[in-house]
Amino acid sequence: MTFAKILIVGFGTMTGAMVDGWLAAGYAPSRFEIYHPRKSEVAHGLAVHNDWPEAHFDAVLLGVKPHMVDDVAAGLEPLLGPDTILLSVLAGVELSSYISRFPRTGGIVRFMPNLAAALGKSPNALIANGLSASAKEAVTQLASDLGTAEWVEDESQFDLVTALAGSGPGFVYRFTDALAAGAAALGLPEDQAQRLAVAMVDGAGALAAASEFSPGELAQRVASPGGMTQKGLDILDDQGALNQLMTECLRAARDRGAEMAAEARE
Ligand SMILES: NC(=O)C1=CN([C@@H]2O[C@H](COP(=O)(O)OP(=O)(O)OC[C@H]3O[C@@H](n4cnc5c(N)ncnc54)[C@H](OP(=O)(O)O)[C@@H]3O)[C@@H](O)[C@H]2O)C=CC1
Ligand SMILES: O=C(O)[C@@H]1CCC=N1
C-alpha cells in the first residue's frame with residue numbers, strides 16, 4: 001500500500017520539514033492537505049481546510065504541540081476509521097493515549113523525526129500499534145524517504161530515542177555555538193568563528209556517517225599523540241566530564257517526555 005492522501009493536522013516547523021523532504025524526494029504536493037482552523041494559505045500551495053474535511057485520507061499526520069492533542073481529538077476522531085492510519089510526531093504522547101482517543105483507527109504510529117528531514121537526513125524512530133504488514137512497509141518507506149527508518153520495539157525507550165535523535169540537533173547546535181563562542185572569546189572574529197564551526201561540524205558529521213570507524217575511534221585518529229587535539233580532549237574527558245554532561249542532558253530530556261506522556265493520559 002501507499003499513503004496516497006495524507007491530511008496534516010499541525011503543519012508547523014516539524015511537519016513542514018517533513019513535507020519539504022518528501023517533496024524533494026519526488027512526492028506530488030497533491031498527496032498532502034492541511035487542516036488549520038484559521039490559515040488560508042500554507043507553504044507549497046498545499047490545500048488547506050479550515051473545517052474538518054469529510055473526504056477519506058489514508059493517513060493523518062499529527063503535528064500539533066503535545067499539550068494540544070485534546071484541542072483536535074474530537075474533530076479528528078471521525079476521520080480515523082479502520083482505513084486510516086494515524087502518524088504522530090508528538091514528543092512524549094504514548095500509543096495508549098491515542099488508542100483511547102481514536103479506538104477505530106487502522107493503526108497508530110509514533111513517528112519521531114528531526115528537522116534534517118527537510119534534507120532527507122533525519123533518523124526516524126518508529127513504533128506502532130495495530131498496523132498491518134503492508135501499512136508497516138508503507139510507513140517504513142515514508143520514513144526512509146526522509147532519512148532512515150528505525151523501528152523501536154520497546155515503547156519505554158521511545159523518550160530516550162526522542163532525546164537522542166529528535167532533540168539531538170538542538171544539542172549539537174548548542175555545542176557548535178559553544179565552540180564558536182569559545183573561539184571568539186579567545187580572539188577570533190565572531191562571524192569567522194561561526195562559519196568555521198558550522199563547516200567543521202558539517203564535514204565531521206558527514207565523515208562519521210561515511211566512515212568505517214566509530215566516533216570514538218575517529219576522535220583518536222584526529223588526535224596525534226602529544227599533539228594539539230589530545231590536549232583539548234583531555235579537558236573534555238577530565239573525570240568523564242563530557243560523558244557525564246551528555247548523560248544528564250539526555251536524562252533531563254527523556255524525563256520531560258515521561259511528564260508530557262502523563263499529561264496526555266486521560
Ligand atoms: N521541532 C522539532 O525539532 C521537533 C518537533 N517534534 C514534535 O512536533 C510537534 C510540533 O512541534 P513544532 O513543529 O516544533 O511546533 P510548531 O508550533 O511549529 O507546529 C505546530 C503547528 O500546529 C498548528 N496548530 C495549532 N493549533 C492547531 C489546531 N487546532 N489545528 C491544526 N493545527 C494547529 C500551529 O499553527 P499556529 O502557528 O497557527 O498556531 C503550528 O503550525 C510537537 O508535538 C513536537 O513534540 C518532534 C520532533 C522534532
Ligand atoms: O523539544 C521537544 O519536545 C521536541 C521533541 C524532539 C524535538 N523537539
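The legends below describe several close-up views of a predicted model.

**Figure 1. Overview of the protein chain in the predicted model.** The protein chain holds ten helices and eight strands, and its C-alpha trace spans about 70 × 35 × 35 Å along the principal axes. Of the 266 residues in the chain, 30% are buried. Among contacts between residues at least 6 apart in sequence, 63% join residues that are at least 24 apart.

**Figure 2. The open sheet of eight strands.** The strands follow the order β3-β2-β1-β4-β5-β6-β7-β8, and their pairing is mixed. Because β3 (47-49) and β8 (147-151) stand at the edges and each has a single partner strand, one side of each is left without a neighbour in the sheet. Neighbouring strands of this sheet are turned by 25° against each other on average, when direction is ignored.

**Figure 3. The pairing of β5 with β6, and helix α5.** Strands β5 (residues 85-88) and β6 (residues 108-112) run parallel and are joined by three bridges, and Leu-87 stands opposite Val-109 in β6. Helix α5 (residues 158-166) lies across β6 and β7 (122-129), and the helix runs at about 160° to β7.

**Figure 4. Helix α1 and the strands against which its buried residues pack.** The twelve residues of α1, taken at 1.5 Å a residue, should span 16 Å, and this agrees with the end C-alpha atoms, which are 16 Å apart. The buried residues of α1 are Met-14, Thr-15, Gly-16, Ala-17, Met-18, Val-19, Gly-21 and Trp-22, and they pack against β1 (6-9), β2 (32-35) and β4 (59-62). After the helix comes Gly-26, with a positive phi near 105°.

**Figure 5. The surroundings of ligand 1.** Ligand 1 is surrounded by 24 residues, of which Gly-10, Gly-12, Thr-13, Met-14 and Ala-91 are the closest. The elements that give two or more residues to this shell are α1 (13-24) and α2 (69-76). By class, the shell around ligand 1 consists of 15 nonpolar, seven polar and two charged residues. Met-14, one of the closest residues to the ligand, is also among the buried residues of α1.

**Figure 6. The surroundings of ligand 2.** The residues around ligand 2 are Ala-91, Thr-162, Gly-166 and Ser-167, and by class this shell has one nonpolar, three polar and no charged residues. Ala-91 is also listed with the closest residues around ligand 1.

**Figure 7. Phe-3 in the segment before β1.** Phe-3 counts as buried because 21 C-beta neighbours lie inside 10 Å, where 20 or more are required. Leaving aside residues up to four places away in sequence, Phe-3 touches Asp-58, Ala-59, Ala-138 and Leu-142. Phe-57 is 54 residues from Phe-3 in sequence, yet the two are 8.2 Å apart in space, C-alpha to C-alpha.

Figure 8. Most residues other than glycine have a negative phi.

Conventions:
Residues numbered from 1 in each chain as written. Chains lettered and ligands numbered in written order. Predicted model: local features only at pLDDT ≥ 70, side-chain atom pairs only at ≥ 80, totals over all residues. Near = placed C-beta within 6 Å. Helix = DSSP H or I, 4+ residues; strand = E, 2+ residues; numbered from the N terminus. Nonpolar A, V, L, I, M, F, W, Y, C, P; charged D, E, K, R; others polar. Expected span 1.5 Å × (residues − 1). Buried ≥ 20, exposed ≤ 12 C-beta atoms within 10 Å, placed from the backbone. Contact = placed C-beta atoms within 7 Å. Pairing = 2+ DSSP bridges. Axes fitted to C-alpha atoms, helices over the stretch in contact; angles between N-to-C directions.
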